[in-house]
Amino acid sequence: MKAPRRIHIIGSTGSGKTYLARQLSDQYHIPFHELDNAMWSRSAERPGKNPPEVRDMLLASMINQETWIVEGVYHLWTAQSFHKADKIIFLSPSVYLRDFRIITRFLKQRTGLEKSSYKQTLRGLIKMLKWNHKFERVHKKEIMDCLEPYKDKLIVLKSNKEPFHW
């Protein structure tokens, strides 16, 4: 099968979404977008979450292109992306691997080895690790339920390096 032209990658923090999106973007020459850029305002004047109408407009601008890859953890407001996607990849590595990646990212960003779009704090790290475990207990099932109507185009992977076929 020919590679899809519209791909939605979903998974928890630390699941490898951005890594996989970059790999697929380079391999198939498809632009990729981080859904965090729709959800969160990056402006100094108005930091925090974007209002729903702004968030939805930004999502539409990403997925109204001919080709795209979007990646993020969001599932409650991204139904139009799931609907338009040719393929949906749900990355679901173990919670402990995600913990390791979250801690590693925190250390790299705190030491300046990796760029961060927000200030990394120990309190934020603890909050992220707690959220990661809640994802395993609560959000993972919500996402699978949300993706049920799209099971014909869903690929579930335990690793962002796991081989798969379209």
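1. Strands here are DSSP runs of E with at least two residues, helices are runs of H or I with at least four residues, and both are numbered from the N terminus. W68, V70 and G72 point one way from β5, while I69 and E71 point the other way, and all are buried. Do take a look at E71, one of these buried residues.

2. A word on the source: this is a predicted model, in which local features need pLDDT of at least 70 and side-chain atom pairs count only at pLDDT 80 or more, while totals for chains, interfaces and linings use all residues. Residues are numbered from 1 along each chain as its sequence is written, and side-chain values use heavy atoms, with hydrogens and water left out.

3. Now the neighbours of β5. Strands count as paired if DSSP finds at least two bridges between them. β1 runs parallel to β5, joined by 5 bridges, and I10 stands opposite G72. Strand β2 (residues 32-34) is also parallel to β5, with 3 bridges; here H33 faces V70.

4. Strand β6 (residues 87-91) is mostly covered as well, with 5 of its 5 residues buried. K87, I89 and L91 point to one side of β6, and I88 and F90 to the other. So much for the side chains; the partners come next.

5. β1 (residues 6-11) runs parallel to β6 through 5 bridges, with H8 and I88 as bridge partners. β6 also pairs in the parallel sense with β7 (residues 154-157), over 4 bridges, and F90 stands opposite V156 there.

6. For the whole chain, I would note 6 helices and 7 strands, in the order β-α-β-α-β-β-α-β-α-β-α-α-β. The radius of gyration is 16 Å, close to the 15 Å of the globule rule for 166 residues, so the chain is as compact as a globular protein of that length. That radius is taken over C-alpha atoms, and the rule is 2.2 Å times the number of residues to the power 0.38. The C-alpha trace spans about 45 × 35 × 30 Å along its principal axes.

7. Of the 166 residues, 43% count as buried. Among contacts (heavy atoms within 4.5 Å) with a separation of 6 or more, 72% are between residues 24 or more positions apart.

Definitions and conventions
Buried < 20%, exposed > 50% of the residue type's maximum accessible area, 1.4 Å probe, protein only.
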